[in-house]
Amino acid sequence: MSMKQPLRVAVTGAAGNISYAMLFRIASGEMLGKDQPVILQLLEITPALDALKGVVMELEDCAFPLLAGIVQTDDATVAFKDVDYALLVGARPRGPGMERKDLLEANAAIFSAQGKALNEVASRDVKVLVVGNPANTNALIAQRNAPDLDPRNFTAMTRLDHNRAMAQLAGKTDSTVNDVKKMIIWGNHSSTQYPDLTACTVNGKPALDLVDRDWYENTYIPEVQQRGAAIIKARGASSAASAANAAIAHMRTWALGTDENDWVSMGVYSNGEYGIAKGLIYSFPCTCSNGDWSIVDGVDVSSDFSKEKMAATEQELSEERDAVAHLLP
Ligand SMILES: NC(=O)c1ccc[n+]([C@@H]2O[C@H](COP(=O)([O-])OP(=O)(O)OC[C@H]3O[C@@H](n4cnc5c(N)ncnc54)[C@H](O)[C@@H]3O)[C@@H](O)[C@H]2O)c1
Ligand SMILES: O=C(O)C[C@H](O)C(=O)O
C-alpha cells in the first residue's frame, strides 16, 4: 500500500472525447507516478452528467489501486475544491474550415467562470493546464480571473504541437523521436505557431543540417501548423487520444521534471522573455524541476526568419487578448 497522500486532480469536460482517452491513464498513475494516489474531481455541464456517470462507472470497474476517490459535479467550486492539478478540457471543439480562434466567442466565458472558481477554492499551488481551444487565450482569461493565484500556475497546451513536430522530423530524418532533442514551438496553439528547428538536434547533429531549407519552410512548418485541421478532416472529429497523451505528458513533466539536456514546449506566462509582450500566455521552450517551470534562456532567435515568425504569432495572441478584453479584469 502506498504511503503517499492522494493528490486532487480536476478534469473539466470529463464526459468528452479527450477526457475518455485521459482519465483512465491519470487513474493508472501515468501522469503523476505509479506511487501517487489521486482523487479525480470531474466537472461537466448538467446535461452531460448522465454520460459522466457512465464514465465514472467504468473508472470504478477498472479497480485502479491508485484511484482514491471520484467526485462528479456540475459545480466548478465543488470540482476545484482544494485541487492540486486542474486540466481544463471542457469546451467546444472546432469543425472543418474553422480556425481555433473562431471558438473564442463560444468558449471564453467558460474560462472566466472557471478562473474565478479556481481562485476561490483551489490549492494555492494548483497547476492549471488549459486544453480547450483557443487554449492560450483561454488560459489567459482563467489566469486574469484568478487574481489571488500566481500567474505562473496557468499554462496552455502546446505539447501536442511539440510531439507532432518531433514525430515529423524523426520520420523525415529516418530516426526515432528518441533521437530528437531541443524542439521548440513558439507562440500560439494555432496556425501561426512557429515550430523552430534552430536549436534542435537529431542524434546530436543540428537538425537544420539534415533537412533542406525549402522542406523546412514550405512543408514541415505548415504541416505541423495544420496538423490539427488535417486530423479533423480525416477523422471527422478533432484529435482526442493524442491530445490526451500530450496533456498527461505536460502535467507529468511539470510535476516530475524534464529530461537532462532536453526541454519541452509549454504555453506559459510571459514576463517579457525574448521580447514577447508581458502577460501573454506564449509557448516557450521550458525546463521543469521541483514542480516549477522556467523558460530556457539564450536560444538563438536572431535570424530575420525567427523574428518574423515569433512576432506574427505574438501579434495573433495580442489580437485574441484584445477581443476578450471584457473578460479580463
Ligand atoms: N490544445 C490542444 O492541443 C487541443 C487538442 C485537441 C483538442 N483541444 C480542444 O479541447 C476541447 C475539448 O475537445 P473534446 O474533443 O474533448 O470535445 P468534446 O465535445 O468531446 O468534449 C467537450 C466536453 O466539455 C463539456 N463542457 C462544455 N462546457 C463545459 C463547461 N462549462 N464545464 C465543463 N464541461 C464543459 C461538454 O459537455 C463535453 O462533454 C476543444 O475545445 C478542442 O478544440 C485542444
Ligand atoms: O485542431 C483542433 O482544433 C484540435 C486541436 O487543437 C489539435 O491541435 O488537434
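Contact here means heavy atoms within 4.5 Å. The model is predicted. By this criterion, Thr-158 touches Ile-185, Gly-187, His-189, Ser-265, Met-266, Gly-267 and Ser-283, not counting residues up to four places away in sequence. Thr-158 sits in the loop between β6 (154-156) and α6. Its relative accessible area is 0%, so Thr-158 is buried. The C-alpha atoms of Thr-158 and Ile-231 are separated by 16 Å, with the two residues 73 apart along the chain.

Helix α6 comprises residues 159-172. At 1.5 Å a residue, its 14 residues should span 20 Å. The end C-alpha atoms of α6 are 20 Å apart, which agrees. Buried residues in α6 are Arg-159, Leu-160, Asp-161, His-162, Arg-164, Ala-165, Met-166, Leu-169 and Ala-170. In an α-helix there are 3.6 residues a turn, so residues three or four places apart point the same way. Asp-174 follows α6 and has a positive phi, near 55 degrees.

Ser-112 belongs to helix α4 (residues 104-121). With a relative accessible area of 8%, Ser-112 is buried, because buried means under 20%. Its contacts, leaving aside neighbours within four places in sequence, are Ile-141, Asn-145 and Leu-327.

Helices α1 (residues 17-27) and α2 (residues 49-61) also pack against each other in contact, as their residue pairing shows: Tyr-20, Leu-23, Phe-24 and Ala-27 in α1 meet Val-55, Glu-58 and Leu-59 in α2. By class, this contact of α1 with α2 has six nonpolar, no polar and one charged residues. The two axes come within 11 Å and cross at roughly 30 degrees. That angle makes α1 roughly parallel to α2, because angles under 35 degrees count as such. The crossing of α1 past α2 is right-handed.

Several loops carry backbone exceptions. Most residues other than glycine have a negative phi, and most peptide bonds are trans. The peptide bond from Asn-133 to Pro-134 is cis, with omega near -5 degrees. Pro-134 lies in the loop between β5 (127-130) and α5 (135-144). Asn-261 is not a glycine, yet its phi is positive, about 60 degrees. The loop between α10 (241-256) and β12 (264-269) holds Asn-261. Asn-261 counts as exposed, at 60% relative accessibility. Tyr-274 likewise has a positive phi, near 55 degrees. Its place is in the loop between β12 and β13 (281-289). At 23% relative accessibility, Tyr-274 counts as partly exposed.

Terms used: Residues are numbered from 1 along each chain as its sequence is written. Chains are lettered from A and ligands numbered from 1 in the order in which they are written. This is a predicted model: local features need pLDDT of at least 70, side-chain atom pairs count only at pLDDT 80 or more; totals for chains, interfaces and linings use all residues. Side-chain values use heavy atoms; hydrogens and water are left out. Axes are lines fitted to C-alpha atoms, for helices over the stretch in contact, and angles run from 0 to 180 degrees between N-to-C directions. Helices (H or I, at least four residues) and strands (E, at least two) are DSSP runs, numbered from the N terminus. Angles under 35 degrees count as roughly parallel, over 145 as roughly antiparallel, 65 to 115 as roughly perpendicular and the rest as oblique. A crossing is left-handed if the near helix is turned anticlockwise from the far one by less than a right angle, and right-handed if clockwise. Ala, Val, Leu, Ile, Met, Phe, Trp, Tyr, Cys and Pro count as nonpolar, Asp, Glu, Lys and Arg as charged, and the others, Gly among them, as polar. The expected span of a helix is 1.5 Å times one less than its number of residues. Buried means under 20% relative accessible area, exposed over 50%, partly exposed in between (1.4 Å probe, protein chains only).
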